[in-house]
Amino acid sequence: MELNSSVQNPERKEYSSVCVGREDDIKKMGRMTAVVHDREVVIFYHKGEYHAMDIRCYHSGGPLHLGEIEDFDGRSCIVCPWHKFKITLATGEGIYQAIDPKDPSAKPKWCSKGIKQRLHKVTVDNGNIYVTLNNEPFKCDSDFYATGNFKVIQSS
């Protein structure tokens, strides 16, 4: 066996859009959950925009569909109900408030941890909501909880 034979170039997997519900329903409820190609996602309707992301929080798998949406530093975030981690709806960044302990007059400021939660594309067609999974090959912290034993949506 050659040493390089186990090295593969990962190809992007192409996903088709999946209809997850009706536009009227998500506008009334503000959120919905769905399984898209075996990946659990939560779709939010907030301030006239749709956002979809992995349903489990990147930190320790908290159920984001049960969290509250709050604004921090002008950014709408879902707040994980387990440990209060804040994730921006628009970018999937984890944000936190920091202060310089060496500066007694410093005010806390909001900082980014980088993209932690995988976001997915939402489209609306003829009153139906479609989600297309993100196929970008970067490793995202929420990927760990997105499939396998961490499922939260019960199959019937």
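K84 counts as partly exposed, with a relative accessibility of 49% (buried means under 20% relative accessible area, exposed over 50%, partly exposed in between, using a 1.4 Å probe and protein chains only). K84 sits in the loop between β6 and β7, and its phi is near 65 degrees, a positive value in a residue other than glycine.

This is a predicted model, where local features need pLDDT of at least 70, side-chain atom pairs count only at pLDDT 80 or more, and totals for chains, interfaces and linings use all residues. Residues are numbered from 1 along each chain as its sequence is written, and side-chain values use heavy atoms, leaving out hydrogens and water.

**The sheet around that loop**
- Strands here are DSSP runs of E, at least two residues long, numbered from the N terminus.
- Two strands pair if DSSP finds at least two bridges between them.
- Strands β6 (residues 75-79) and β7 (residues 86-88) run antiparallel and are joined by 3 bridges.
- Within β6, C77 stands opposite T88 in β7.
- An open sheet of 5 strands runs in the order β5-β6-β7-β8-β9, with antiparallel pairing.
- Its edge strands are β5 (68-72) and β9 (109-115), each pairing on one side only.
- Neighbouring strands of this sheet are turned by 40 degrees against each other on average, direction ignored (axes are lines fitted to C-alpha atoms; angles run from 0 to 180 degrees between N-to-C directions).

**Another positive phi**
- N126 is not a glycine either, yet it has a positive phi of about 55 degrees.
- Look for N126 in the loop between β10 (119-125) and β11 (128-132).
- N126 counts as exposed because its relative accessibility is 70%.

Notes:
Helix = DSSP H or I, 4+ residues; strand = E, 2+ residues; numbered from the N terminus.
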